[in-house]
Amino acid sequence: MPTVLVVDDALFMRVTIGNIFKEFGFEVVGEAANGKEAVLLYDQLLPDLVTMDITMPVMTGIEAVQRIKAKHSDANIIMITALGQQTKIKTAIESGAKDFITKPFQPEQLKEVASNVLNLT
């Protein structure tokens, strides 16, 4: 069962994303409300996958990706973004994120992106 760390400053989104992953047989091992928490939790949990919001307080998702990838080059990170953030998505991918998904999304879209990143298909 693949493990997931869900990172988003909105509790509603963390719960929604976590529930989607649980439905598809993933184990949600942690949640973070900002990039700083995400970096600390990644080091502790070493999840198979991270979903990372781009815009968050304390530390952005892009900064968190850079810090995680600097220590864990094999980290699998999917950015979760709002419409109109193409420049930030490009920066996130250049920083090491493997893929992205745009809000709002359907559960099947998240499953497909996660499966592709983890080579589960």
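How are helix 1 and helix 5 oriented to each other? In this predicted model, helix 1 (residues 11–23) and helix 5 pack at an angle of about 70°, with their axes 10 Å apart, and because angles of 65 to 115 degrees count as roughly perpendicular, the two helices are described as roughly perpendicular to each other.

- Isoleucine 20, which is placed in helix 1, is buried because its relative accessible area is 7%, below the limit of 20%.
- When residues up to four places away in sequence are not counted, isoleucine 20 touches Phe105, Pro107 and Leu110.
- Between isoleucine 20 and asparagine 76 there are 56 residues of separation in sequence, and their C-alpha atoms lie 18 Å apart in space.

**Helix 2 and helix 3**

- The axes of helix 2 (residues 35–45) and helix 3 (residues 61–71) come within 9 Å of each other and cross at roughly 20°, which makes helix 2 roughly parallel to helix 3, since angles under 35 degrees count as roughly parallel.
- The crossing of helix 2 and helix 3 is right-handed, and the contact is formed by Gly35, Ala38, Val39, Tyr42 and Asp43 on helix 2, together with Ala64, Arg67, Ile68 and Lys71 on helix 3.
- By class, this contact of helix 2 with helix 3 comprises five nonpolar residues, one polar residue and three charged residues.

**Nonpolar cores**

- In soluble globular proteins, nonpolar side chains tend to be buried together.
- The largest nonpolar core of this model has 22 residues, of which Val7, Val50, Met52, Ile68, Ile77 and Met79 touch the most other members.
- Two or more residues are given to this core by each of strand 1 (3–7), helix 2, strand 3 (49–53), helix 3, strand 4 (77–81) and helix 4 (86–95).
- Isoleucine 68, leaving aside its neighbours within four places in sequence, is in contact with Ala38, Val39, Tyr42, Met52, Ala75 and Ile77.

- Threonine 3 is found in strand 1 and is buried, with a relative accessible area of 15%.
- Not counting residues up to four places away in sequence, threonine 3 touches Glu27, Val29, Leu46, Pro47, Asp48 and Leu49.
- Methionine 56 lies in the loop between strand 3 and helix 3, and it counts as buried because its relative accessibility is 8%, again below the limit of 20%.
- With residues up to four places away in sequence not counted, methionine 56 touches Val7, Asp8, Asp9, Ala33, Asn34, Gly35 and Gly61.
- The C-alpha atoms of methionine 56 and leucine 5 are separated by 16 Å, the two residues being 51 residues apart along the chain.

**Backbone geometry**

- Most residues other than glycine have a negative phi, and most peptide bonds are trans.
- Valine 58, found in the loop between strand 3 and helix 3, has a phi near 70°, a positive value in a residue other than glycine, and valine 58 is exposed, with a relative accessible area of 65%.
- Asparagine 119, whose place is in the segment after helix 5, has a phi near 55°, likewise a positive value in a residue other than glycine, and asparagine 119 is exposed, with a relative accessible area of 65%.
- The peptide bond from lysine 103 to proline 104 is cis, with omega near -10°, and proline 104 is located in the loop between strand 5 (99–102) and helix 5 (107–117).

Terms used:
Residues numbered from 1 in each chain as written. Predicted model: local features only at pLDDT ≥ 70, side-chain atom pairs only at ≥ 80, totals over all residues. Heavy atoms only, no water. Axes fitted to C-alpha atoms, helices over the stretch in contact; angles between N-to-C directions. Helix = DSSP H or I, 4+ residues; strand = E, 2+ residues; numbered from the N terminus. Parallel < 35°, antiparallel > 145°, perpendicular 65-115°, else oblique. Left-handed = near helix turned anticlockwise from the far one by under 90°. Contact = heavy atoms within 4.5 Å. Nonpolar A, V, L, I, M, F, W, Y, C, P; charged D, E, K, R; others polar. Core = buried A, V, L, I, M, F, W, Y, C linked by side-chain atoms within 4.5 Å. Buried < 20%, exposed > 50% of the residue type's maximum accessible area, 1.4 Å probe, protein only.
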